[in-house]
Amino acid sequence: MKRIYDLKAWMFAALGLLMLLGSCSSTQSLQEYYVDNAENPNFLSLDVPASILKLDQVELDETEREALGSLRKLNILAFRKTETKQDAYDEESAKVKAILKNPDFKELMKLNTQYGKGVVKYLGSEDAIDEVVIFGDSRDKGFALVRVLGKKMNPAHFMQVMQAI
């Protein structure tokens with residue numbers, strides 16, 4: 001009888017381990033990417049609290065002020081491309097694009113300018129965004145990744161604030 005209990009215990013342990021390993025994602029999160037590259041000499045990394053932007057001195061209407069109040073901080077990570085960093089640029093740009101393909105990121109808009117291409121994506125629900133991600137890529141200059149962190153940001157209000165700035 002004891003042998004059956006030991007066998008069941010081993011089976012439950014093996015099943016638990018299998019479930020644990022199966023649930024782990026091999027894709028790096030955007031947060032992990034920021035942390036991993038914050039000290040990398042190829043990157044410029046800035047963490048900017050929303051208060052430092054001095055947007056309270058800008059003339060905003062009530063809706064824009066409400067949107068501004070939902071902003072907490074900006075995380076900026078920029079890779080400056082040079083001739084000697086071409087391989088690193090290609091590798092890092094591919095990593096970011098792979099992370100942003102995660103279906104949790106919902107596309108808000110695409111950008112295509114004379115300076116390069118970009119995309120604006122967000123995490124959260126359509127009426128309560130927690131994080132906006134702006135990725136701009138220039139084949140000549142490099143790329144920038146900006147995380148706008150907030151609490152229940154409204155996309156329409158957020159876009160109004162961006163236009164006001």
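**A walk through the core, the sheet and the rings**

Let's start at Val96: setting aside neighbours within four places in sequence, Val96 is in contact (heavy atoms within 4.5 Å) with Tyr33, Phe135, Phe143 and Leu145. Please keep in mind that this is a predicted model, in which local features need pLDDT of at least 70 and side-chain atom pairs count only at pLDDT 80 or more, while totals for chains, interfaces and linings use all residues. Residues are numbered from 1 along each chain as its sequence is written, and side-chain values use heavy atoms, with hydrogens and water left out.

Val96 leads us into the largest nonpolar core, which has 16 residues. Such a core is a set of buried Ala, Val, Leu, Ile, Met, Phe, Trp, Tyr and Cys residues joined through side-chain atoms within 4.5 Å; buried means under 20% relative accessible area, exposed over 50%, and partly exposed in between (1.4 Å probe, protein chains only). The residues with the most contacts inside this core are Leu30, Tyr33, Val96, Leu100, Phe135, Phe143 and Leu145. Two or more core residues come from each of helix H2 (30-37), strand E2 (71-80), helix H4 (86-100), strand E5 (128-138) and strand E6 (142-153). H4 gives the largest share, 4 residues. The helices (H or I, at least four residues) and strands (E, at least two) are DSSP runs, numbered from the N terminus. There is also a second, separate core of 13 residues, with Ala50, Leu68, Val120 and Val148 among them. In soluble globular proteins, nonpolar side chains tend to be buried together.

Now for helix H2. In this helix, the buried residues are Leu30, Tyr33, Tyr34 and Asn37. Viewed down the axis of H2, these buried residues fall within an arc of 100° (taken from the directions between the helix axis and the C-beta atoms), so they line one face of the helix. An α-helix has 3.6 residues a turn, so residues three or four places apart point the same way. Val35 and Asp36, on the other side of H2, are exposed. The cover over the buried residues of H2 includes strand E1 (43-49), E2, H4, E5 and E6.

Next comes the sheet. Its 6 strands form an open arrangement in the order E1-E2-E6-E5-E4-E3, with antiparallel pairing (two strands pair if DSSP finds at least two bridges between them). E1 and strand E3 (106-112) are at the edges with a single partner strand each, so one side of each has no neighbour in the sheet. On average, neighbouring strands are turned by 10° against each other, direction ignored. Within the sheet, E2 and E6 pair in the antiparallel sense over 9 bridges, and Ile76 stands opposite Val146 in E6. H2 packs on the sheet, touching E1, E2, E5 and E6, and its direction makes about 130° with that of E6. Axes here are lines fitted to C-alpha atoms, for helices over the stretch in contact, and angles run from 0 to 180 degrees between N-to-C directions.

Turning to E3 and E4, 6 bridges join E3 to the antiparallel strand E4 (residues 117-125), where Asn112 stands opposite Lys117. The hairpin of E3 and E4 has 4 residues between the strands, and Gly116 takes a positive phi near 155° there. E4 is joined in turn to E5, also antiparallel, by 9 bridges, with Val120 opposite Ile134 in E5. The hairpin that joins E4 to E5 passes through 2 residues.

Finally, the aromatic rings. Rings of Phe, Tyr and Trp (its six-membered ring) pair if their centres lie within 6.5 Å; planes under 30 degrees apart count as stacked, over 60 as edge-to-face and the rest as tilted. By this rule there are 7 aromatic pairs. In one of them, Phe43 and Phe143 have ring centres 6.1 Å apart and planes at 70°, so the pair is edge-to-face. This pair links distant parts of the chain, with Phe43 in strand E1 and Phe143 in strand E6, 100 residues apart. Phe43 is buried at a relative accessible area of 8%, and Phe143 counts as buried at 3% relative accessibility. Phe143 also pairs with Phe135: the ring centres are 5.6 Å apart and the planes at 55°, so this pair is tilted. Tyr33, Phe43, Phe79, Tyr89, Phe135 and Phe143 form one aromatic cluster.

One last stop is Glu92, which lies in helix H4. Glu92 counts as buried, at 9% relative accessibility. Leaving aside neighbours within four places in sequence, Glu92 is in contact with Tyr33, Asn37, Phe43, Phe79 and Phe143.
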